[in-house]
Protein chains: 2
Amino acid sequence: MEKNEVKVMQKILRVNEAIAEELRKDLADKGVFYMNLMSSPGSGKTTLLENTAPKMSGNLAVIEGDIQTTLDAERVAKAGIKAYQINTGPFGGDCHLESSWVKAALQEIDLTGIDYLFVENIGNLVCPAEFDVGAHTNVLLISTTEGEDKPLKYPLAFRVSKLCVITKTDLIPHLDIDMDLLRSNIHKVNPDMKIIELSAKTGEGFDNWIDFLRKNKR
Amino acid sequence: MEKNEVKVMQKILRVNEAIAEELRKDLADKGVFYMNLMSSPGSGKTTLLENTAPKMSGNLAVIEGDIQTTLDAERVAKAGIKAYQINTGPFGGDCHLESSWVKAALQEIDLTGIDYLFVENIGNLVCPAEFDVGAHTNVLLISTTEGEDKPLKYPLAFRVSKLCVITKTDLIPHLDIDMDLLRSNIHKVNPDMKIIELSAKTGEGFDNWIDFLRKNKR
C-alpha cells in the first residue's frame, strides 16, 4: 500500500466508525434492534429475510446493499418487509457498505412501528467485515455448500460477528461436509460465536433464529 | 470517494495494468497458458484444480491467493500440482490479487515443463474483477447453489471473463435453481461467454473443461 493510500484509508475508517457509533445509539434509543447480515454471494441472506417476515408480524425493515439491481429489495418487499435499496454501482461498484450510506438511507425510511432493522450487506466475505455499519449485532451466514475451511480463510468476518447462521442444512445428505469440523473451525476463530443451523426450505432450525430475534428485541 | 483516494487508486490501477500486460506477453512467449480463476468463496476453484491434475499429466502450476492459511496450496500440491501461496493477510487482508504479486510469485516458480498456469484468486465476486492479473483468460466459477441472479448482481466479474464454469451440477435435483434462467442471465451480461457445466463429484461435464484446456494450449 502507498503511504498516501494508508492515510486516506485511516481517515475513511475513522469517519465510518464515528457515524457507526451514532447509528448504534440512535437506533437503540428508538427501540430498534439493528443487524448487519454478511455472507458470500448466494448463502441465503435474502431467503432468510423472506422466510422471517411471515413469522414476525410485519415490523421488519431492510436496507439492501448491492452493486447493481434492485432484485433483493423487490423480493423482500414482496414478503412484506419495508425495503430500501442502496446500489454502490454509481460509486465505483464498491464491495461493501459504509455507515454513512446507511445513515443516508435511514433518512428515507419511516421506522415507526419497526422493531428490527436489517442491513443486507454486499455478498462478499472480505471487505464488509472491515467496515462497521453501526449494527447492534453482525450476523454472518455461511451455507453448508461452502466447505468447512471458510472460518480459517476469512477469519475477520467471523471475528466481528456474534452469530453464525449456517444455511441450507437440507443439502447436508448430498454433500461431503463435516459439520463438526465446520463448527470447530468457527469456534477456533471466534470461541464465543453463537451458531444457528437452519434450512429455509424445510424450516428445520428456523425457530432458533426467531427465538434469537425475539430475545434481542429492545 | 475522496479526491485523494481517487488519484491514488488511478495510479495503482495504471501500474497494475502495465505489469499485467508484461506477464501476459512473458507467459505467452514461454508457451504457458495462464488462467485466472475467480468465484465466491466455496464455489469449487480448488476442487476443480484437484480434479484437473490427474487428467493433465503433471504440467500444471498454481498460484494460490488467500488472505490467510496455506490450506489450498496444500490441497493442490497433494494433487500433484506445483503450488505457490500468496497470503494477503500481512498487507491488510486484501480482497484481491494484483499483477505485481503474481510477478513476484513467478520469480519463485520454475516454469520449465509447465503448460498451464492458474491463479486461484481470493474468493470474492467483486474486487478481483477490478484488477487485471495479466491472465490470458479469466475463468469465472459459479456453483448451482448460488442462485440465478448472480450475473446480474455482480456483472463486472462476468464481463471480464471469457469462460463461466458452473460447478456442482450433481446438486441440481436438490435445488430450486432454474438453469435456463441462469444461462440466460449470464448471456445477458456477457453475450459471448462460453459456459461449461460440470460436477467434480460425479465427473459429469468434466471432459468439456479438459477439452477447453487442451484447445488453448500454446
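## Terms and model

A residue is buried when its relative accessible area is under 20%, exposed when it is over 50%, and partly exposed in between (1.4 Å probe, protein chains only). By that rule B:Lys150, at 6% relative accessibility, counts as buried.

This is a predicted model, in which local features need pLDDT of at least 70 and side-chain atom pairs count only at pLDDT 80 or more, while totals for chains, interfaces and linings use all residues. Residues are numbered from 1 along each chain as its sequence is written, chains are lettered from A and ligands numbered from 1 in the order in which they are written, and side-chain values use heavy atoms, without hydrogens and water.

## The sheet of chain A

Chain A holds an open sheet of seven strands, in the order β3-β2-β4-β1-β5-β6-β7, with parallel pairing. The edges belong to β3 (82-87) and β7 (194-197) of chain A. Each has a single partner strand, so one side of each is left without a neighbour in the sheet. On average, neighbouring strands of this sheet are turned by 20 degrees against each other, direction ignored. Helix α4 (residues 99-106) of chain A packs on the sheet and touches β1, β2 (60-66), β3 and β4 of chain A. The direction of α4 makes about 135 degrees with that of β3(A).

Some rules stand behind these words. Helices (H or I, at least four residues) and strands (E, at least two) are DSSP runs, numbered from the N terminus. Two strands pair if DSSP finds at least two bridges between them. Contact means heavy atoms within 4.5 Å. Axes are lines fitted to C-alpha atoms, for helices over the stretch in contact, and angles run from 0 to 180 degrees between N-to-C directions.

## Strand β4 and its partners

Strand β4 (residues 116-120) of chain A runs parallel to β1 (residues 33-38) of chain A, and five bridges join them. A:Phe33 has A:Tyr116 as its bridge partner in β4(A). A:Leu37 is partnered by A:Glu120. β2(A) also pairs with β4(A) in the parallel sense, over five bridges. There, A:Glu64 has A:Glu120 as its bridge partner.

β4(A) is mostly covered, with five of its five residues buried. A:Tyr116, A:Phe118 and A:Glu120 lie on one side, A:Leu117 and A:Val119 on the other. In a regular strand the side chains alternate between the two faces of the sheet.

## Cysteines

A disulfide is a pair of cysteine sulfur atoms within 2.5 Å. A:Cys127 is in no disulfide, and the nearest cysteine sulfur, that of A:Cys95, is 3.4 Å away. A:Cys127 is buried, at 4% relative accessible area. A:Cys164 is buried too, at 0%. Its sulfur is 19 Å from the closest cysteine sulfur, in A:Cys127, too far for a bond.

## Salt bridges

The structure holds 27 salt bridges over all chains (a side-chain nitrogen of Lys or Arg within 4 Å of a carboxyl oxygen of Asp or Glu). One joins A:Lys103 and A:Glu22 (3.0 Å, N to O). A:Lys103 lies in helix α4 and A:Glu22 in helix α1 (residues 3-29) of chain A, so the pair ties together parts 81 residues apart in sequence. A:Lys103 is partly exposed at 29%, and A:Glu22 is partly exposed at 33%.

In chain B, B:Arg183 and B:Glu197 meet in a salt bridge (2.6 Å, N to O). B:Arg183 is in helix α7 (residues 179-189) and B:Glu197 in strand β7 (residues 194-197) of chain B, 14 residues apart. Salt bridges that share partners join A:Asp66, A:Asp72, B:Asp149, B:Lys150 and B:Lys153 into one network.
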